[in-house]
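Subject: Structure handover and notes

Hello,

Here is the structure I said I would pass on. My notes come after it.

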Amino acid sequence: QDLCGTARAFFGPFVIMPLSVPVTAVAVERSAGFMGRAAVASMQGFRNSFEDAHFLDQTFGACAVYDGHLGDDAAEFCAARLHLHVRAAGETS
C-alpha cells in the first residue's frame with residue numbers, strides 16, 4: 001500500500017491529498033507608511049488551496065501572518081478581526 005492509501009486508511013475521507021505539481025505563482029502586496037516599506041509575498045505550493053492569510057496595516061503599525069493548517073477559515077477570520085480586538089484592548093474607557 002502506498003503512502004496515500006495508508007493515510008486514507010488511518011484518517012478516513014478527511015485526508016486532503018497534495019497537488020502533484022506545485023502552484024508557483026506568487027502574489028505580492030507592497031505598502032509604504034508608518035512602518036516604512038513592507039511587502040508580503042505568498043505562494044500556494046503543493047496545497048489544494050491557499051490556506052494562509054496576512055494582515056498589514058500601516059496606520060495601525062502592525063502586521064501578522066496566520067497559518068491555515070488544512071483550511072483557510074481560521075486564518076481568514078483572524079486576519080479580518082484579531083487586530084480589532086488588539087486595538088480595543090489597548091484603549092482606555
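This is a predicted model: local features need pLDDT of at least 70, side-chain atom pairs count only at pLDDT 80 or more; totals for chains, interfaces and linings use all residues.

Residues are numbered from 1 along each chain as its sequence is written, and side-chain values use heavy atoms, with hydrogens and water left out.

Whole chain

The chain has two helices and four strands, in the order α-β-β-β-β-α along the sequence. Helices (H or I, at least four residues) and strands (E, at least two) are DSSP runs, numbered from the N terminus. Of the 93 residues, 18% count as buried. Buried means under 20% relative accessible area, exposed means over 50%, and partly exposed is in between, with a 1.4 Å probe and protein chains only. The chain exposes about 7000 Å², and carbon and sulfur atoms supply 61% of that area. Accessible areas come from the Shrake-Rupley method with a 1.4 Å probe; for residues, only the protein chains shown count as cover. Among contacts (heavy atoms within 4.5 Å) between residues at least 6 apart in sequence, 31% join residues at least 24 apart.

Helix 2

Helix 2 covers residues 73-90, and its 18 residues should span 26 Å at 1.5 Å a residue; the end C-alpha atoms are 26 Å apart, which agrees. The expected span is 1.5 Å times one less than the number of residues. Helix 2 also has a kink of about 40°, centred on R81. The bend at a residue is the angle between axes fitted to the seven residues ending there and the seven starting there.

Which residues of helix 2 are buried? They are A75, A79 and H83. An α-helix has 3.6 residues a turn, so residues three or four places apart point the same way. The cover over the buried residues of helix 2 includes strand 3 (53-57) and strand 4 (62-66).

Core

The largest nonpolar core has five residues: A53, F55, Y66, A75 and A79. Strand 3 and helix 2 each supply at least two residues of this core. A nonpolar core is a set of buried Ala, Val, Leu, Ile, Met, Phe, Trp, Tyr and Cys residues joined through side-chain atoms within 4.5 Å. Leaving out residues up to four places away in sequence, A53 touches A64, V65, Y66, A75, E76 and A79.

Cysteines

How many disulfides are there? With a disulfide taken as a pair of cysteine sulfur atoms within 2.5 Å, the count is zero. C63 counts as exposed, at 55% relative accessibility, and C78 is partly exposed, with a relative accessible area of 27%.

Single residues

D52 lies in the loop between strand 2 (36-45) and strand 3. Apart from neighbours within four places in sequence, D52 is in contact with R47, Y66, D67, G68, A75 and E76.

H69 is in the loop between strand 4 and helix 2 and counts as exposed, at 64% relative accessibility. H69 and D52 are 17 residues apart in sequence and 7.9 Å apart in space, C-alpha to C-alpha.

F50 is in the loop between strand 2 and strand 3. Its relative accessible area is 29%, so F50 is partly exposed. From F50 to G71 the C-alpha distance is 8.1 Å, for a separation of 21 residues in sequence. Not counting residues up to four places away in sequence, F50 touches S42, M43, Q44 and D72.

V40 is in strand 2 and is buried, with a relative accessible area of 19%. The C-alpha atoms of V40 and V26, 14 residues apart along the chain, are 10.0 Å from each other. With residues up to four places away in sequence left out, V40 touches A27, V28, E29, H54 and L56.

Regards
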